[in-house]
Amino acid sequence: MAPTMAVTDKRKEEEEELRKRNEELEKELRESREREEEMKKELRKMWERLRVAEEAEERLCSQLGELEAESVNQARDYNAHIFSLMDQLSKANNVFVNNHRRSSAPISIL
């Protein structure tokens, strides 16, 4: 009976080791799944931040385009105003020169 007891004891030890190993593996699996879920949550957060950043970039590009168009229009208006002032100045100068020729008084240029 002693050899049978030794085999039974050995089998019990092996079963106990397998049970412990199984528990360890199950624990590792749970922890791995928890880490996976945390990583999925983090990935979703990052994906959402990326989406928000892309939308913001699109809005900024749109606003920049509008500002560029507005600045071009303002530059054109400013240029037209300068040409108008130059034309007025030229006409005023012509009037001044014509009036001076009629009066034949010497012109003093400052």
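Reader: By the rule for salt bridges, how many does the count come to?

Author: The count comes to 9 salt bridges, where a salt bridge is a side-chain nitrogen of Lys or Arg within 4 Å of a carboxyl oxygen of Asp or Glu. Side chains of opposite charge can pair when their charged atoms come close. This is a predicted model, in which local features need pLDDT of at least 70 and side-chain atom pairs count only at pLDDT 80 or more, while totals for chains, interfaces and linings use all residues. Residues are numbered from 1 along each chain as its sequence is written, and side-chain values use heavy atoms, with hydrogens and water left out.

Begin with the setting. The secondary structure of the protein chain consists of 1 helix and 0 strands (helices, H or I, of at least four residues and strands, E, of at least two are DSSP runs, numbered from the N terminus). The radius of gyration is 46 Å, well over the 13 Å that the globule rule gives for 110 residues, so the protein chain is more spread out than a compact globule. That radius is taken over C-alpha atoms, and the globule rule is 2.2 Å times the number of residues to the power 0.38. Along the principal axes, the C-alpha atoms fill a box of roughly 150 × 25 × 10 Å. Buried residues make up 1% of the 110 residues; buried means under 20% relative accessible area, exposed over 50%, and partly exposed in between, with a 1.4 Å probe and protein chains only.

Now the close look. Arg 19 and Glu 23 form a salt bridge, with 2.5 Å from N to O. Both lie in helix H1 (residues 2-103), 4 residues apart, about one turn of the helix. Arg 19 has 38% relative accessibility and therefore counts as partly exposed. Glu 23, at 41%, is also partly exposed. This pair belongs to a network of salt bridges that links Glu 16, Arg 19 and Glu 23.

Between the two positions of that pair sits Arg 21, whose salt bridge is with Glu 24, the closest N and O atoms being 3.4 Å apart. Arg 21 and Glu 24 are 3 residues apart in helix H1, so about one helical turn separates them. Arg 21 is partly exposed because its relative accessible area is 42%, and Glu 24 is partly exposed at 43%. Asn 22 is found in helix H1 as well and has a relative accessible area of 40%, so Asn 22 is partly exposed. From Asn 22 to Leu 67, 45 residues along the chain, the C-alpha atoms are separated by 66 Å.

Glu 48 is partly exposed at 36% relative accessibility, and Arg 51 is partly exposed at 34%.

Last, there are charges in a patch. Asp 9, Glu 13, Glu 14, Glu 15 and Glu 17 gather in a patch of negative charge on the surface. Patches are made of residues with over 30% relative accessible area and no salt bridge, with like charges joined within 9 Å and nonpolar side chains (Val, Leu, Ile, Met, Phe, Trp, Tyr) within 5 Å. Asp 9 lies in helix H1 and, at 38% relative accessibility, counts as partly exposed.

Note on methods: Areas by Shrake-Rupley, 256 points an atom, 1.4 Å probe, with all protein chains shown as cover. Lys, Arg positive; Asp, Glu negative; His and termini not counted. Charge placed at Lys NZ, Arg CZ, Asp CG, Glu CD.
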